[in-house]
Amino acid sequence: MASIRDKAEYLVMFVNEFARHYQLTDIQAYRYLRRFKAIEFLEKQYNVAHTQSFDDMVDAMSDYCQRYGGTLV
């Protein structure tokens with residue numbers, strides 16, 4: 001079972017990668033991911049998500065956010 005610290009570190013790194021990919025600040029990326037439920041999803045699915053590459057997860061979470069109204073493509 002993953003520790004809270006492991007999950008937190010993963011989420012920080014993921015937000016940073018998402019921000020870099022979409023040329024956003026970390027704060028903008030976090031707010032977008034939170035608004036469209038990706039942070040919640042990643043917290044629940046950490047055990048699988050952290051085994052995937054960040055590139056794959058950025059693409060997957062972009063698609064996930066679009067299902068909830070996100071517009072980044």
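User: How many residues does helix α5 have, and how far does it reach from its first C-alpha to its last?
Analyst: This is a predicted model. In it, α5 runs over residues 54–67, which is 14 residues. The distance from first to last C-alpha is 20 Å, close to the 20 Å expected at 1.5 Å a residue.

User: Which residues of α5 are buried?
Analyst: M57, V58, M61, S62, Y64 and C65. They cover an arc of only 165 degrees around the axis, so they sit on the same side of α5.

User: What covers them?
Analyst: The cover for the buried residues of α5 includes α1, α2 (26–35), α3 and α4 (46–49).

User: And the face turned away from the buried side, which exposed residues does that carry?
Analyst: D55 and R67.

User: What comes just after α5?
Analyst: G69 takes a positive phi there, about 105 degrees.

User: Switching to charges. How many salt bridges does the structure hold?
Analyst: There are 3.

User: Start with E9. Which residue does E9 form a salt bridge with?
Analyst: R5. The closest N and O atoms of the pair are 2.9 Å apart.

User: Where do E9 and R5 sit in the fold?
Analyst: Both are in helix α1, residues 4–22. They are 4 residues apart, so about one helical turn separates them.

User: Why does that spacing matter?
Analyst: An α-helix has 3.6 residues a turn, so residues three or four places apart point the same way. Side chains of opposite charge can then pair when their charged atoms come close.

User: What about E17, which residue does its side chain meet in a salt bridge?
Analyst: R20, with 2.6 Å from N to O. E17 and R20 are 3 residues apart in α1, again about one helical turn. R20 counts as exposed, with 53% relative accessibility.

User: And E40, what does that pair with?
Analyst: E40 forms a salt bridge with K44. Their closest N and O atoms are 3.2 Å apart.

User: Which helix holds E40 and K44?
Analyst: Helix α3, residues 38–44.

User: How accessible are E40 and K44?
Analyst: E40 is partly exposed, at 41% relative accessibility. K44 has a relative accessible area of 63%, so it counts as exposed.

How values were computed:
Residues numbered from 1 in each chain as written. Predicted model: local features only at pLDDT ≥ 70, side-chain atom pairs only at ≥ 80, totals over all residues. Heavy atoms only, no water. Salt bridge = Lys/Arg side-chain N within 4 Å of Asp/Glu carboxyl O. Helix = DSSP H or I, 4+ residues; strand = E, 2+ residues; numbered from the N terminus. Buried < 20%, exposed > 50% of the residue type's maximum accessible area, 1.4 Å probe, protein only. Expected span 1.5 Å × (residues − 1). Arc of directions from axis to C-beta. Contact = heavy atoms within 4.5 Å.
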